[in-house]
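This report goes through one protein chain, from its overall build to single residues. Please keep the sequence and the 3D view at hand while reading.

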Amino acid sequence: MRFWFLIAFSCMCFSQEYIKIIDLQNNNDFVGQIKRIENFPSKYVATRTVDIWLPKAYSETKKYQVLYMHDGQMLFDGKTTWNKQEWGVDEKIDSLTQKKAIKEVIVVAVWNIPTIRHLNYFPQKAIDFLSDADKKLVIDEAKKINLDITQISSDNYLKFLVSEVKPFIDSHFSVKTDKKNTAIMGSSMGGLISMYALCEYPDVFGKAACLSTHWIGLKNVENNPIPNAFFNYLKAKLPNSKTHKIYFDFGTKTLDAEYVRYENNVNDILKAKGFDATNSKNLKFENADHTENSWNKRLEIPLQFLFK
């Protein structure tokens, strides 16, 4: 059963747009409650669904930390996902909260648009760390998978999150709004954009979790220049280790096997930038593959790293 109501929201971003929220009723498909905005308006990116997950004991008398997550349609209900898998974010957070293993948090789950997901999530400024010859190589390789890399839109995607979605969340839900209490998380390309968000908006996001980060950027090719571009970007832009936290991980099966070779690169960068075990992780999960089921199995670890 669905209940509909309208919220008038006026600011520079929306110019008195009316945002329609659907109150999804829990029918045992998820724990807690979900507020859904099916066409979140934006002047930066194509409109898309945004789900706001609230714990079952959500109260306006409390202030909650906020976790922004990508690929929002894959997080809560395996019955509706393309591969019938889910992260199980609601169950994991509920269980950890009940055990007082993490602080209370709400989740802002931003859906992807499959046809432009890669363009939305590929760190745009990392391209600047490629030579002209490598840029041509990347453009040509992208064309082979029907991707126009010159149309990368991750800077606009982050503007959408920071200047449109976050102000709405901050003004309509009982949340803490500072960077210390604002985190971002994703997997694969979602891991890349989470890393990028922390670097581009260090005053907005204080912590990020990047699962199965897709260091190869596209598909793996011989002498792939993209990973080094990402690493050089990180060396230049990773924020202050005294005020920020970042989590990486990877498996060893299927697509995740391609990431193992970059393990030491990540560790070296974190160490050089002053990160240690208290504010960073780069964990290997033997025999874990590149699926929602795998991310579900280890989700408690990044959640506790971010919100303990």
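## Overall build

The chain's secondary structure consists of 9 helices and 10 strands; helices (H or I, at least four residues) and strands (E, at least two) are DSSP runs, numbered from the N terminus. The radius of gyration is 19 Å, close to the 19 Å from the globule rule for 308 residues, so the chain is as compact as a globular protein of that length. This radius is taken over C-alpha atoms, and the globule rule is 2.2 Å times the number of residues to the power 0.38. The C-alpha trace spans about 55 × 40 × 40 Å along its principal axes.

The model is predicted: local features need pLDDT of at least 70 and side-chain atom pairs count only at pLDDT 80 or more, while totals for chains, interfaces and linings use all residues. Residues are numbered from 1 along each chain as its sequence is written, and side-chain values use heavy atoms, with hydrogens and water left out.

## Burial, contacts and charge

Of the 308 residues in the chain, 57% are buried. Buried means under 20% relative accessible area, exposed means over 50%, and partly exposed is in between (1.4 Å probe, protein chains only). The chain exposes about 13,700 Å², of which carbon and sulfur atoms supply 49%. Such areas come from the Shrake-Rupley method with a 1.4 Å probe; for residues, only the protein chains shown count as cover.

Contacts (heavy atoms within 4.5 Å) can also be sorted by distance along the sequence. Among those between residues at least 6 apart in sequence, 72% join residues at least 24 apart.

There are 41 positive and 36 negative side chains, and the centres of the two sets lie 4 Å apart. Lys and Arg count as positive and Asp and Glu as negative, while His and the chain ends are not counted. The place of a charge is taken as NZ of Lys, CZ of Arg, CG of Asp or CD of Glu.

## Aromatic pairs

The structure holds 14 aromatic pairs. Rings of Phe, Tyr and Trp (its six-membered ring) pair if their centres lie within 6.5 Å; planes under 30 degrees apart count as stacked, over 60 as edge-to-face and the rest as tilted. One of the pairs is formed by tyrosine 196 and tyrosine 233, which are tilted, with 5.4 Å centre to centre and 50° between the planes. Tyrosine 196 is in helix α5 (residues 189-200) and tyrosine 233 in helix α6 (residues 226-237), so this pair links distant parts of the chain, 37 residues apart. Both tyrosine 196 and tyrosine 233 are buried.

Phenylalanine 231 and tyrosine 262 form another tilted pair, at 5.9 Å centre to centre and 55° between the planes. Phenylalanine 231 lies in helix α6 and tyrosine 262 in the loop between β9 (245-251) and α7 (263-272), so the pair ties together parts that are 31 residues apart in sequence. Phenylalanine 231 and tyrosine 262 are both buried.

Phe40, Tyr121, Tyr157, Phe160 and Phe168 form one aromatic cluster. Phenylalanine 160 is located in helix α4 (residues 154-172) and is buried, with a relative accessible area of 0%. Its C-alpha atom is separated by 9.8 Å from that of phenylalanine 40, 120 residues apart along the chain. Not counting residues up to four places away in sequence, phenylalanine 160 touches several residues, including Phe40, Pro41, Tyr44 and Val110.

Leucine 96 belongs to helix α1 (residues 89-98). At 1% relative accessibility, leucine 96 counts as buried. Leucine 96 and glutamate 300 are 204 residues apart along the chain, yet their C-alpha atoms are separated by 7.5 Å. Beyond four places away in sequence, leucine 96 touches Ala101, Ile102, Glu300, Leu303 and Gln304.

## Residues in loops

Which residues have a positive phi although they are not glycines? Serine 188 is one of them, with a phi of about 60°, and threonine 254 is another, at about 50°. Serine 188 sits in the loop between β7 (182-187) and α5, and threonine 254 in the loop between β9 and α7. Serine 188 counts as buried at 7% relative accessibility, whereas threonine 254 is exposed, with a relative accessible area of 54%.

Aspartate 203 is in the loop between α5 and β8 (207-211). Aspartate 203 is exposed, with a relative accessible area of 65%.
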